[in-house]
Amino acid sequence: MILRTFSNLCAQSQACFRSARAKSTLSAVIDETGKSGLILKSLSTDIFENLALEDWIHNHVDLQNRNMLFLWSNAPAVVIGRHQNPWQECNLQVMRQKGIPLARRRSGGGTVFHDLGNVNLTFFTSKKNYDRHRNLQVVTSALKGLRPDMDVRATERFDILLNGQHKISGTAAKLGRTAAYHHCTLLCSADRALLSAVLKSTCQGIKSNATQSVPSPVKNLLDEDPTLDCDTIMDSVASQYNTEFGFSSPVTLVDPSDELSLPGIQRMARELLAWEWTFGRTPKFSICTTFELKNDTSICNATLNMDIKNGIIETCDIEVPSDWLPVELSREFSLHLIGGKLCPYETSVIAAEFLRTIPQNKELERKMYNLCRRVVFMM
Amino acid sequence: MAMRVAFRCLTANFSPVLIQRSRPVQISANRLLWKANPAQSLSTASRLSTALKFTDKHEWVRVEGGIGTVGISKFAQEALGDVVYCGLPEVGQKLEQMEEFGALESVKAASELYSPLTGEVTEINTELAVNPGLVNKSCYEVGWLIKMTIDNPAELDGLMDDCSYEKFIKSLDE
């Protein structure tokens with residue numbers, strides 16, 4: 001596959017003179033190539049930059065008579081679907097410990113783990129030409145082109161299964177005004193242990209109408225054949241894409257942080273990164289759970305009931321047996337949490353302030369501290 | 001066509017009470033039609049939708065008493081497949097015409113919703129939180145999405161009536 005950078009693409013097209021004066025945007029350059037099929041590959045491994053680039057292409061490139069394929073992979077990240085609940089879908093504590101960010105994409109579907117061993121493919125078309133099965137056929141044909149005996153098949157739910165058993169690819173899509181995009185993952189050599197660890201929620205007692213993931217056993221293509229690495233697979237998919245649609249596009253490298261070629265993209269990445277989007281767009285839900293409180297001498301069971309809307313705690317009722325902690329204290333603490341984010345950092349600050357108000361009593365302080373810590377841990 | 005438009009202008013000026021009274025007559029006429037010829041169910045459906053205006057994004061709006069009820073068309077719900085989640089705006093949210101106001105999710109695809117008019121959201125269909133499939137089962141009636149004020153009634157003139165919308169859908173196949 002011939003790799004070109006974006007600046008090469010400029011030079012190839014008539015726009016090279018224009019870009020000498022004032023650098024053209026990506027969409028202008030694409031229009032001027034006159035090509036009806038293009039393949040782009042991201043230079044970035046940042047999930048937010050890459051999701052922003054998807055949105056940018058969807059919003060700015062004329063896709064009425066044009067198809068585009070975008071190839072990208074990311075440093076470890078968990079990506080949830082548009083209408084999902086991150087507390088329900090993944091292990092936020094482990095993610096925080098390991099510095100794995102949470103991203104919410106604008107397409108539907110379930111939760112996936114990305115790392116550099118996972119390839120992402122986005123197929124951009126007009127709404128009229130939106131055809132997920134055809135896109136997945138590009139992928140399965142590309143894989144069979146590399147290994148003719150490989151048993152890879154797309155299902156009705158747009159998953160790709162290896163040997164009829166293991167999921168190697170999941171799909172999601174977004175339909176806009178006049179254009180659509182369909183993206184899918186492809187597990188080549190992802191860290192499966194880490195995948196299992198982060199995709200397991202530990203938050204109990206959630207009641208929600210958010211869309212839920214359907215867990216599936218997964219496998220890496222590398223497990224099937226050690227010579228199948230991400231680059232080989234990306235090249236093969238790009239080739240097959242050209243064959244399937246009758247294009248002859250080289251793979252053009254794009255830098256998603258290039259504000260000059262992609263005006264507005266940095267703001268889009270910031271929006272995707274913001275708490276208000278990743279956590280705040282969670283559909284309304286409630287938590288109703290019991291948990292243990294321990295100290296040196298005794299244990300008791302406490303209950304927590306919360307309603308959360310836009311990621312903000314709307315109602316909160318923490319009940320602790322009165323012989324463990326005075327009722328007024330747990331009630332006061334509950335009230336302090338209302339209006340705050342369901343966020344361990346913010347709640348820790350509120351808890352620390354609250355602990356300072358408690359009358360000097362070592363045992364009471366320790367019990368209250370335990371309660372605060374337990375509640376923060378749930379977030 | 002002109003007569004129908006004139007009639008609609010008149011009804012838009014009627015008080016809500018008058019409009020309420022006229023509805024039962026319309027419904028029983030439809031029931032007679034149904035009994036007379038079940039094969040004419042298509043025309044009955046289109047009779048229901050004569051009060052609707054459509055956008056080219058396949059949303060409809062029905063105006064009653066200065067409030068617009070918004071939903072998606074039969075064509076749209078069929079293309080979507082089974083709706084599993086309705087992402088709707090908040091009551092009080094102000095919308096510009098053609099502004100994105102939410103999304104419907106079906107089989108892993110999120111389909112954006114575009115406001116047919118400029119106005120403020122007065123109500124959202126809370127039934128859809130527990131039964132999003134209503135959008136498929138009854139897209140013109142109980143599967144409505146939002147209700148909104150109509151800040152600029154002239155915008156309605158730019159929308160399609162049912163005949164124009166039918167023609168529009170046919171042209172998409174070509």
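Which residues of α7 in chain A are buried? Keep in mind that this is a predicted model. The buried residues in α7(A) are A:R132, A:N135, A:L136, A:V138, A:V139, A:T140, A:A142 and A:L143. As background, residues three or four places apart in an α-helix point the same way, because there are 3.6 residues a turn.

Now the geometry of that helix. Helix α7 of chain A covers residues 132–146, which is 15 residues, so at 1.5 Å a residue it should span 21 Å. Its end C-alpha atoms are 22 Å apart, in agreement with that. At the start of α7(A), the backbone nitrogen of A:H133 has a side-chain oxygen of A:D131 within 3.3 Å.

On to the interface. Chain B puts 20 residues in contact with 25 residues of chain A. Between them the two chains bury about 1,800 Å², with 45% of it on carbon and sulfur atoms. On the chain B side, B:Y85, B:K108 and B:A110 lose the most area to chain A, together 37% of what that side buries.

For the polar part, there are 15 residue pairs in polar contact across the interface, both at pLDDT 80 or more. Four salt bridges are counted between chain B and chain A. The side chains of B:E112 and A:K174 form a salt bridge at 2.7 Å, N to O.

Which elements of chain B give two or more residues to the side that touches chain A? They are β4 (83–87), β6 (100–106) and β7 (109–114). The largest share, five residues, is from β7(B). By class, that side of chain B has 10 nonpolar, three polar and seven charged residues.

Terms used:
Residues are numbered from 1 along each chain as its sequence is written. Chains are lettered from A and ligands numbered from 1 in the order in which they are written. This is a predicted model: local features need pLDDT of at least 70, side-chain atom pairs count only at pLDDT 80 or more; totals for chains, interfaces and linings use all residues. Side-chain values use heavy atoms; hydrogens and water are left out. Helices (H or I, at least four residues) and strands (E, at least two) are DSSP runs, numbered from the N terminus. The expected span of a helix is 1.5 Å times one less than its number of residues. Buried means under 20% relative accessible area, exposed over 50%, partly exposed in between (1.4 Å probe, protein chains only). A polar contact is a pair of N or O atoms within 3.5 Å; within protein, one must be able to donate a hydrogen and the other to accept it, and residues adjacent in sequence count only if both atoms are side-chain atoms. Contact means heavy atoms within 4.5 Å. Buried area is the accessible area (1.4 Å probe) that two parts lose on being put together, summed over both. Ala, Val, Leu, Ile, Met, Phe, Trp, Tyr, Cys and Pro count as nonpolar, Asp, Glu, Lys and Arg as charged, and the others, Gly among them, as polar.
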